[in-house]
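Let's take a walk through this structure together. Have the sequence and the 3D view open, and we'll go from one stop to the next.

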Amino acid sequence: MRGGWCPIGLSQDLPAGIAAPVILDGRELVAWRTGEGVLRLFEDRCPHRGMRLSFGFVRGDALVCLYHGWRWGADGGCRAIPAHPELTPPKSLVVPRFAVREAGGLVWAALGDGPDDPPPETPADVRPLATLAIDLPADVVSAALGAGEERLVEKEEAGFALLLAIQPVDARRSSLHVLLRGADASPLAALDAAEALRMRIEREGAPA
Amino acid sequence: MTRDLEPAVRDAWHVLCRSADLAPGAATRLRLLSRDVEVARNAAGTVSARLLDGEAVATREAYGHVFACLGTPAAPLFDIAEFAEDDRRLATCGAVRVRASGLRLVENFLDMAHFPFVHTDLLGVEERPEVPRYDIEIRRDVDEVWATNCRFWQPRAAASSAEGQMSEYLYRVAGPFAVMLYKTCPADPSRFDVIGLLIRPAEPDLSYAYAFVLVLDEASSETAIVHFQQTIFLQDRIVLENQRPRLLPLAPNAETPTRADMSSVAYRRWLKEKGVRYGTVEGLAGHGEAEGVP
Amino acid sequence: MSLVLHDWELSADAYRARLALGMLDLPYTKVPVDVVPGRETDTPAFRALSPTGAMPVLVEGDLVLSEIGAILIHLAERHDPAGTWLPREPARRARCLDRLLFALGSLRACDAARDAALFETPSRIADPLAEARAALRVLESLLARRALAGEAFLAGEEPTIADLAAFPAAALAVDWGEDLALLPKTRLWTRRVRALPGFTTMPGVPEFL
């Protein structure tokens, strides 16, 4: 799956002007949006002294490292080093970037070069519900959902049509990003159903 | 038992605990350099320590703390002359556990450029982030790293500060895991307050930080002084636990220093010259105890 | 009547009290207590104020309170004329108290995990890390439900003392290695609490929130 699109969150949970840590396949990443809403995915590590950039903050169109205030632009290049106000940072000073796309209320990322194909389509009648953390690796969750190699599956649960996007977090954990189909369905009751599904997966999938 | 430790670390002095935490007749077990050490104080007040599987280790009690050396001491315990000045007050802040290499803690302590961002409105303000050029030297006679002529504008430099000041700093690395600074005293600009950070490296990526201050401050309560230092250290701890990797890289291209990082560059060079591997990325293969190091 | 808070900068419970005092815009005097390393909470003088050694202690005239839940409820009842921090209407009040007791019950495992990570303080909780993570997951679920109902805070559209009680557990989680990466609604809610007038921060509360 490495190199393919993986879901990393609901679009609504990443509003403009915010940075958030993302753990994907054991890699520490930071997703952030500029004040104008441009979405980026960087390695979660400032090249200066290794500080996780997800602990920083967004100022305008730059991600600012908490440790020394180094500013990183949307292209990954260093914009400013506050300890040396007159210094123009060299062009070679960059944070590694990863491919990130939005589709149907979901945020998708790829660890390798961005795949040629776009991320999976979601039906037009979906609403985002929530992200559910699961204390099991993604392959166990995928097997429990009968998802095969797919990262996005539709599942009928207690009468609700749930769309489930499976994020591999690390060797022990995954995340389910849950969307609901159908304009008439009650989102609160659907979330109950999704949490019941999670409970069942964790009970059945727990190592003996 | 300690043969696998490089001499630069094995034969150096390391803090074990605060003196006040070891009452007469008391004994306690602590982790130092991936070994279990038992430290005790007898009824007469004398401190001793031994590796849990037998051998006695050298100890010293000074500066409000107990120190140990797991090998043969290469030098006497570093001297902090200001402890002889009897108008100073000592406040010891106790131990704070940090999931990071002790070397990362020393390096953070040497760093001024983070003041406006990590200690906002205490040790720095975002509007004045510049680090003016300072001097750095490895003093061969005492085998220490010194940074001198350091200046930084601070809104609230100490517990006793009422207003901002251009603080002058001297930094002194007295051992691989022992660092102190001398900074302008708000109460008496002709003298320096001393702040020290003594680190007990328990594992390559797990440290216990013992901060102390030796100040000219008659106004603040000891508790207020301790709380100020604890506040500062807890702000640093967020950074320290979230630097990647948790171990300190000594390879020159692993990170990106600038002129403000001259002290860190000199510290890393000094560590490399001495052959320090404990707590470094390069030493990871040699010490198998660090689990979960990214 | 003047307010005095026997306080430690690094205590999560003291922070809960400072948050409430700040949000209610109440002036107060801090008396610093040397909890670590001095163990002042074990001294007879402190135990006279706080029989269990719990900190902080709020003193207002003859009233001496050492249970954080009582401190939050008292401040809201006595000093919030608008009655928004602890609603008076019975159903809304009950919902607020329900979330408050969750924040000061299960969610307190986060404080135990933090105390262990910082100072190796022993806890009555068998596995503070596991319980803290489980409780944070419940918090995320509660907040996801509020979001679906169009409400921004734990007990409804307006912030209450339940939010103030829960905030330190989540906002200080990085102190014990929990970065909230898998709990997006919790992260967004902490930002909303941070943006409230009268908010005060403390060391350990990360900038990103």
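Predicted model: local features only at pLDDT ≥ 70, side-chain atom pairs only at ≥ 80, totals over all residues.

The size of an interface is often given as the accessible area lost when the parts come together. Here, about 1,600 Å² is buried between chain B and chain C, with carbon and sulfur atoms giving 58% of it. Three residues stand out: B:His227, B:Leu234 and B:Ile238 supply 32% of the area that chain B buries against chain C, more than any other three residues. In head count, chain B brings 18 residues to the contact and chain C brings 21.

What holds charges and polar groups together across this contact? There are two salt bridges between chain B and chain C, and one of them pairs B:Arg237 with C:Asp175, whose closest N and O atoms are 3.8 Å apart. The interface also has eight residue pairs in polar contact. On the chain B side, the elements giving two or more residues are β7 (89–98) and α4 (222–240). Helix α4(B) gives the most, with nine residues. Sorted by class, that side has seven nonpolar, seven polar and four charged residues.

Let's zoom out to salt bridges in general. Side chains of opposite charge can pair when their charged atoms come close. The whole structure has 53 salt bridges over all chains. Take A:Glu195 and C:Arg145, with closest N and O atoms 3.2 Å apart. This pair crosses between chains, from helix α2 (residues 187–205) of chain A to helix α6 (residues 128–148) of chain C. Both A:Glu195 and C:Arg145 are buried.

Back in chain B, B:Arg35 and B:Asp4 meet in a salt bridge at 2.4 Å, N to O. The pair links distant parts of the chain, 31 residues apart: B:Arg35 lies in strand β3 (residues 35–41), and B:Asp4 in the segment before α1 (7–10). Are these two buried or exposed? B:Arg35 has a relative accessible area of 6%, so it counts as buried, while B:Asp4, at 47%, counts as partly exposed.

Definitions and conventions
Residues numbered from 1 in each chain as written. Chains lettered and ligands numbered in written order. Heavy atoms only, no water. Contact = heavy atoms within 4.5 Å. Buried area = accessible area lost by both parts, 1.4 Å probe. Salt bridge = Lys/Arg side-chain N within 4 Å of Asp/Glu carboxyl O. Polar contact = N/O pair within 3.5 Å; in protein donor to acceptor, adjacent residues only side chain to side chain. Helix = DSSP H or I, 4+ residues; strand = E, 2+ residues; numbered from the N terminus. Nonpolar A, V, L, I, M, F, W, Y, C, P; charged D, E, K, R; others polar. Buried < 20%, exposed > 50% of the residue type's maximum accessible area, 1.4 Å probe, protein only.
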